[in-house]
Amino acid sequence: MNDEIILQCQGLTKRYQQGELDVQVLKGVDLQIHAGSRVAIMGASGSGKSTLLHLLGGLEKPSSGEVILDQVAINKISSSKLAKLRNRSLGFIYQFHHLLGEFSLLENVAMPLLIGDKSIKEAQHLATELLDRVGLGHRVKHKPGELSGGERQRAAIARALINKPKCVLADEPTGNLDSKTAENIYQLMQELNQELHVSFLIVTHDADLANRMDTVLHMEDGLIVDALTEE
Ligand SMILES: Nc1ncnc2c1ncn2[C@@H]1O[C@H](COP(=O)(O)OP(=O)(O)OP(=O)(O)O)[C@@H](O)[C@H]1O
Ligand SMILES: [Mg+2]
């Protein structure tokens with residue numbers, strides 16, 4: 001068992017204040033994700049799951065508390081350093097996937113590699129291979145707008161995994177997928193977990209998927225309320 005902590009937060013709170021609106025969305029979350037571990041977060045709609053993932057990924061700033069990614073306290077570094085760290089260490093699968101509409105699937109998936117230091121040829125090769133694995137080998141030249149919702153989601157998953165990040169944050173990765181495609185995505189995550197020790201933090205409403213992870217956390221009204229660990 002590898003005890004290295006790849007991602008953690010301490011006392012994380014998030015409050016939205018706009019005029020009369022004052023919502024305390026996260027109320028002090030402590031969480032540790034070890035290298036190579038697979039963690040699921042479940043919880044009712046509105047309990048703060050997506051907000052937590054956004055803060056853990058440095059996409060939004062907490063109101064208080066700290067996020068430490070790969071030994072770096074991310075609120076203490078510049079935005080350009082954070083962007084580099086994020087590109088190197090994290091993969092994101094958003095609840096509403098953000099593919100770039102004017103680029104082909106191949107370009108979308110290859111992009112994180114090009115932002116890194118890979119040659120165009122190598123990036124295209126790796127992107128084609130991964131698109132094949134998520135069942136989109138026949139769609140590489142299509143633009144996101146020409147695909148179904150599930151196809152776009154699979155492309156977004158390929159893009160999140162292409163860099164072989166240390167940790168993948170996934171918001172409902174199999175949410176809109178049929179059971180066969182969802183199983184393929186699970187198998188792909190499983191392979192990356194075992195071959196490359198990638199850790200996964202997955203928000204899901206799917207109890208079957210959650211129960212296949214090592215740990216299931218439950219969120220309720222901005223707090224993690226309990227943890228069921230299988231060892
Ligand atoms: N920008 C914002 N301003 C004000 N309130 C917000 C903002 N973003 C989120 N919230 C509120 O924070 C709460 C938690 O939202 P969040 O998206 O984290 O929930 P969730 O657990 O991911 O729900 P779901 O399962 O429906 O995706 C919600 O009540 C939401 O209305
Ligand atoms: Mg959500």
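Select G135 to begin: this residue, just after α4, takes a positive phi of about 80 degrees. Helices (H or I, at least four residues) and strands (E, at least two) are DSSP runs, numbered from the N terminus. The model is a predicted one, in which local features need pLDDT of at least 70, side-chain atom pairs count only at pLDDT 80 or more, and totals for chains, interfaces and linings use all residues. Residues are numbered from 1 along each chain as its sequence is written, while chains are lettered from A and ligands numbered from 1 in the order in which they are written.

**Helix α4**

Next, select residues 120–133, the 14 residues of helix α4. From first C-alpha to last, α4 reaches 20 Å, close to the 20 Å expected at 1.5 Å a residue; the expected span is 1.5 Å times one less than the number of residues. Within α4, colour A123, A127, L130 and L131, which are buried. A residue is buried if 20 or more other C-beta atoms lie within 10 Å of its own, exposed if 12 or fewer, and partly exposed in between, with C-beta atoms placed from the backbone. Viewed down the axis of α4, the buried residues fall within an arc of 100 degrees, so they line one face of the helix; the arc is that of the directions from the helix axis to the C-beta atoms.

Move to strand β8 (residues 199–203), where 5 of 5 residues are buried. S199, L201 and V203 point one way from β8, and F200 and I202 point the other way. In general, side chains of a regular strand alternate between the two faces of the sheet.

Two strands pair if DSSP finds at least two bridges between them. Display strand β3 (residues 38–43), which runs parallel to β8 and is joined to it by 4 bridges; here V39 has L201 as its bridge partner. Then display β7, also parallel to β8 and joined to it by 5 bridges, with V203 of β8 as the bridge partner of D171. The chain passes from β7 through α6 to β8 in a right-handed β-α-β crossover: with the strands pointing away from the viewer, the path from the first strand over the helix to the second runs clockwise.

**Two positive phi angles**

Select E172, in the loop between β7 (167–171) and α6 (179–196). Its phi is positive, about 50 degrees, although E172 is not a glycine. Most residues other than glycine have a negative phi. E172 is buried, with 20 other C-beta atoms within 10 Å.

Then select D221, in the loop between β9 (215–220) and β10 (223–229). D221 has a positive phi near 50 degrees, but counts as partly exposed, with 14 C-beta neighbours inside 10 Å.

**The antiparallel sheet**

Select β2, β1, β4 and β5, the 4 strands that form an open sheet with antiparallel pairing in the order β2-β1-β4-β5. The edge strands β2 and β5 (72–73) each pair on one side only. Inspect strand β1 (residues 5–18) and strand β4 (residues 64–69), paired over 5 bridges, where L7 has L69 of β4 as its bridge partner.

**Ligand 1**

Finally, centre on ligand 1, which has 12 residues around it; Y16, S45, K49, S50 and T51 come nearest. A residue is near the molecule if its C-beta atom, placed from the backbone, lies within 6 Å of it.
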